[in-house]
Every structure is written in structure tokens, then in C-alpha cells.
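Good morning, colleagues. Please bring the sequence and the structure up on the screen, and I shall go through them with you.

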Amino acid sequence: MNFCSHCGAADIAFRTPEGDSRERHVCANCNSIHYQNPKIVVGCIPVFEDKILLSKRDIQPRKGFWNIPAGFMENGETVEQGAIREVREETGAKVEIVRLFAIFNIVHVNQVYMIFLAKMSEPIFAAGDETSDVALFKLNEIPFSELAFESNKFVLNKYLEDSNLSSIHIGSYNHTF
Ligand SMILES: [Zn+2]
């Protein structure tokens with residue numbers, strides 16, 4: 001951090017504020033403390049009949065690999081609204097949330113993922129701006145060797161195992177390629 005987002009000063013120190021236990025970016029001009037905390041990523045496993053919908057990434061990292069549709073939550077929306085919006089933006093599909101399915105941390109990039117199960121009422125979808133392809137996969141056709149991230153494998157393996165669809169799966173990942 002080079003400039004204070006509150007007053008614009010270029011006088012930022014990295015120090016532990018009084019009463020705190022961690023170093024923070026602190027503006028020496030206006031004393032604003034710029035806290036940095038994990039970001040929430042929301043997404044869905046969209047389900048249509050006996051198939052799930054995946055999107056192929058058209059952006060780095062892992063361009064050309066299949067992914068569970070997900071993205072950063074926006075201010076002013078709930079996690080469910082964000083997950084529905086991300087599915088629509090990436091895949092063009094309209095979904096209804098069924099329930100929360102998985103929560104996992106990508107610790108080294110400070111992200112918390114919340115993945116929902118969601119129902120598609122119709123098999124209507126199309127690739128969005130950051131997506132080169134979207135497709136429905138039967139459970140025995142999920143492209144495990146072409147998934148973008150280890151965390152995708154974790155979530156989809158849990159989906160295959162979790163026949164009664166009753167638990168929330170929790171994990172932590174460091175994505176290395
Ligand atoms: Zn400042």
C-alpha cells in the first residue's frame with residue numbers, strides 16, 4: 001500500500017497499532033488503519049437432472065480448465081444472491097439455491113469460498129465474458145483431470161460421495177499448479 005485511501009497521503013507505515021496484536025498499514029497523516037481481511041468468493045454447483053454445470057475458464061490463472069462457477073462477492077448482496085449472480089454471469093444459467101454445500105479457505109491468497117448446491121429448472125446456458133465454454137456433465141463424466149483447482153476436486157469428490165446431500169464440507173487449500 002503506497003497511498004492512504006482515506007486522505008491520499010503517501011506516508012504509510014506498517015506497524016502494530018496500539019491495542020492491536022498485528023502489523024497494519026497505518027497512515028501517518030490521518031491515522032487511518034487500513035485493515036486487510038479475507039475476501040469471500042461465492043459460487044454454486046448447478047444441478048440439472050443427473051448432471052452438473054461447469055464452466056471453462058477463459059482467464060488466467062488456469063485458463064482452459066474447468067471450474068465450478070464462482071466469483072468475488074459484491075457489497076450489498078447476500079452470499080446466496082452473489083452465488084446466483086456469479087452463475088448467471090459465468091454460465092448464463094438461472095439457478096435456485098438448494099443449500100450450502102462447502103466452505104473452504106485458500107489461505108495463501110486470503111480467500112474464503114462458499115459453494116452452494118443449486119437447481120437449474122431448464123438446461124439453458126451460454127459462456128460469459130470470462131468463460132470459453134459451459135457444459136453439463138454426468139457424474140461419471142466430470143473432467144477431473146482438467147479441473148482448474150484442487151479445491152474443485154475436493155468439492156466435486158464430496159458431491160460424488162455425499163449421496164444424501166446433508167453435510168457441509170470444510171477444507172483448506174493452497175493452490176499450487
Ligand atoms: Zn490518511
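This is a predicted model: local features need pLDDT of at least 70, side-chain atom pairs count only at pLDDT 80 or more; totals for chains, interfaces and linings use all residues.

Arginine 15 stands opposite arginine 24 in E2.

I turn now to the metal site. Which residues coordinate the zinc ion? The SG atoms of Cys4, Cys7, Cys27 and Cys30 do so, at 2.3 to 2.4 Å. The spacing of these donor residues in sequence is C-x2-C-x19-C-x2-C. Cysteine 7 lies in the segment before strand E1 (12-15), and cysteine 30 in the loop between strand E2 (24-27) and strand E3 (33-34), so this pair ties together parts that are 23 residues apart in sequence. As for the geometry, the four donor atoms subtend angles of 103 to 113 degrees around the zinc ion, and the arrangement is therefore tetrahedral. For reference, the ideal angle for four tetrahedral donors is 109.5 degrees. Cysteine 7 counts as partly exposed, because its relative accessibility is 33%. Cysteine 30 has a relative accessible area of 27% and is likewise partly exposed.

Next, some backbone details. In the loop between E2 and E3 lies asparagine 31, whose phi is near 70 degrees, a positive value in a residue other than glycine. Its relative accessibility is 54%, so asparagine 31 counts as exposed. Glutamate 49, in the loop between strand E4 (39-48) and E5, also has a positive phi, near 50 degrees. At 65% relative accessibility, glutamate 49 counts as exposed. A cis peptide bond joins glutamine 60 and proline 61, with omega at about -5 degrees. Proline 61 is found in the loop between E5 and strand E6 (66-67).

What is the volume of the largest pocket? The value is about 590 Å³. Of its 31 lining residues, Arg57, Asn67, Ala70, Tyr113 and Phe149 are the closest to the centre. Elements that each supply at least two lining residues include strand E5 (51-57), strand E8 (95-106), strand E9 (111-120) and the helices H1 (79-91) and H2 (150-161). By residue type, the lining divides into 13 nonpolar, eleven polar and seven charged.

Thank you for your attention.

Definitions and conventions: Residues are numbered from 1 along each chain as its sequence is written. Side-chain values use heavy atoms; hydrogens and water are left out. On a 1 Å grid over the protein atoms alone, a cavity is a set of points where a 1.4 Å probe fits but cannot get out, and a pocket is an open set with protein on both sides within 12 Å along at least five of seven lines; lining residues have an atom within 4 Å of a point. Grid points are joined across faces, edges and corners, and a volume is the space filled by probe spheres set on the points. Helices (H or I, at least four residues) and strands (E, at least two) are DSSP runs, numbered from the N terminus. Ala, Val, Leu, Ile, Met, Phe, Trp, Tyr, Cys and Pro count as nonpolar, Asp, Glu, Lys and Arg as charged, and the others, Gly among them, as polar. Donors are N, O and S atoms within 2.8 Å of the metal (3.2 Å for Na, K and Ca); water is not among the atoms, so sites may look incomplete. Four donors count as tetrahedral if all angles lie between 85 and 135 degrees; four count as square planar and six as octahedral if opposite donors are over 155 degrees apart and all others between 65 and 115; anything else is irregular. Buried means under 20% relative accessible area, exposed over 50%, partly exposed in between (1.4 Å probe, protein chains only). Two strands pair if DSSP finds at least two bridges between them.
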